[in-house]
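My entries follow in the order in which I looked things up.

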Amino acid sequence: MSVFLAALLIPTPGAMAQDEPALELGQDGFREIVRPSALISGAIVTGVQVYAAAQDDISMRGFVPRSWAGESVCASVLTINGLYEATATYRIPAEWPGGIALLPFPTVHADILSNAGSDGLSIRVSRNACGAELGRDMSFALWNGGGGNRLTVLLNSFRADAVYLYVAGRETPVRCRMIDLPARSAFDVACDLSVDGLAGPTRIEILRMVERKVAPPTDFVLWLPQE
């Protein structure tokens with residue numbers, strides 16, 4: 001079993017609460033908004049995650065690489081209709097050894113989040129503090145203790161006809177699937193990515209086909225546990 005797979009095959013949230021290290025919220029705290037109308041951001045990558053439905057309380061965890069020690073991460077949670085959004089900055093201890101960390105998520109809108117479903121909620125963990133330049137470095141989130149060896153990358157394709165995800169070192173791209181929604185959404189594409197054989201910082205490129213033409217590509221660096 002790979003180190004990555006072992007990191008994801010974790011026990012239920014209740015069993016982990018007393019054993020897992022938790023990052024501290026930054027000075028801006030936890031910000032949660034429910035809007036009367038959708039706000040669609042310009043970001044293409046809205047989430048990189050492993051999702052599981054909540055059995056009890058909602059929980060969020062994230063992989064934080066050792067090389068990010070002493071820095072911050074920004075976590076953002078967004079519903080597909082664009083009405084709900086939460087953001088929080090978490091401080092990483094200077095002596096952080098690398099691994100999965102509990103990210104405190106004191107929501108007062110558990111009903112909205114519980115009803116969102118696996119393709120209805122995106123969670124993004126980015127290097128740097130919220131509101132700062134986030135750059136291209138991302139890791140992944142574990143929602144309610146989800147496990148397995150497959151991540152889901154959620155994208156706002158801006159109404160592309162087809163979307164492909166290219167992983168550095170792999171010849172065959174991932175063909176992403178469209179999420180069927182009757183109205184405009186904050187994200188509309190899901191890419192199911194197997195992480196078997198991947199480790200450390202991995203370059204991911206997104207290619208969108210719009211009206212049979214190739215749109216400018218987008219890329220980011222996905223940080224995974226080292227083998």
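**Entry 1: secondary structure and overall build**

I began with the secondary structure of this predicted model. The protein chain holds 17 strands and three helices.

I then looked up the dimensions. The C-alpha atoms take up a box of roughly 50 × 45 × 35 Å along the principal axes. I compared the radius of gyration with the globule rule: for 227 residues a compact globule would be near 17 Å, and the chain has 17 Å, so the two agree.

For burial, I noted that 49% of the 227 residues are buried.

Of the contacts between residues at least 6 apart in sequence, 77% join residues at least 24 apart.

**Entry 2: the largest pocket**

Next I looked for empty space. Rolling a probe the size of a water molecule over the atoms shows where such space is left. The largest pocket has a volume of about 530 Å³.

Which residues lie nearest the centre of the largest pocket? I found Cys 74, Ser 76, Glu 85, Ala 86 and Thr 87 there, out of 27 lining residues.

I then sorted the lining by strand. At least two lining residues come from each of strand 1 (24-34), strand 2 (45-51), strand 4 (72-79), strand 5 (84-91) and strand 7 (121-127). Strand 5 gives the largest share, with five residues.

By residue class, I wrote down 14 nonpolar, eight polar and five charged residues for the lining of this pocket.

I moved on to strand 3 (60-64), where Phe 63 is placed. Phe 63 has a relative accessible area of 7%, and because the cut-off for buried is under 20%, I recorded Phe 63 as buried.

Which residues does Phe 63 touch, not counting those up to four places away in sequence? I listed Gly 99, Ile 100, Ser 139, Phe 140, Trp 223, Leu 224 and Pro 225. I also took a distance to Val 34, which is 29 residues away along the chain: the C-alpha atoms of Phe 63 and Val 34 are 27 Å apart.

Ser 59 sits in the loop between strand 2 and strand 3. Ser 59 is buried too, at 9% relative accessibility. From Ser 59 to Ala 22, 37 residues apart along the chain, the C-alpha separation is 12 Å.

**Entry 3: Ala 69**

I found Ala 69 in the loop between strand 3 and strand 4. Ala 69 is partly exposed, with a relative accessible area of 25%.

Leaving out neighbours within four places in sequence, I saw Ala 69 in contact with Ile 92, Pro 93, Ala 94 and Trp 96. I also checked Pro 97, which lies 28 residues from Ala 69 along the chain; their C-alpha atoms are separated by 7.6 Å.

**Entry 4: positive phi**

I went on to backbone angles. Most residues other than glycine have a negative phi. I noted two residues on the positive side.

Asn 144 has a phi near 60°. Asn 144 belongs to the loop between strand 9 (141-143) and strand 10 (150-155). Is Asn 144 buried or exposed? Asn 144 is buried, at a relative accessible area of 6%.

Arg 212 is not a glycine either, and its phi is about 65°. I placed Arg 212 in the loop between strand 15 (200-210) and strand 16 (213-214). With a relative accessibility of 79%, Arg 212 is exposed.

**Entry 5: Gly 135**

My last stop was Gly 135, in the loop between strand 7 and strand 8 (137-138). Where does its accessibility of 39% put Gly 135? Buried means under 20% and exposed means over 50%, so Gly 135 counts as partly exposed.

Ala 190 is 55 residues from Gly 135 along the chain, and 21 Å separates their C-alpha atoms.

Definitions and conventions: Residues numbered from 1 in each chain as written. Predicted model: local features only at pLDDT ≥ 70, side-chain atom pairs only at ≥ 80, totals over all residues. Heavy atoms only, no water. 1 Å grid on protein atoms, 1.4 Å probe; cavity = no way out; pocket = protein on both sides within 12 Å on 5 of 7 lines; lining within 4 Å. Points joined across faces, edges and corners; volume = space filled by probe spheres on them. Helix = DSSP H or I, 4+ residues; strand = E, 2+ residues; numbered from the N terminus. Nonpolar A, V, L, I, M, F, W, Y, C, P; charged D, E, K, R; others polar. Rg over C-alpha atoms; globule rule 2.2 N^0.38 Å. Buried < 20%, exposed > 50% of the residue type's maximum accessible area, 1.4 Å probe, protein only. Contact = heavy atoms within 4.5 Å.
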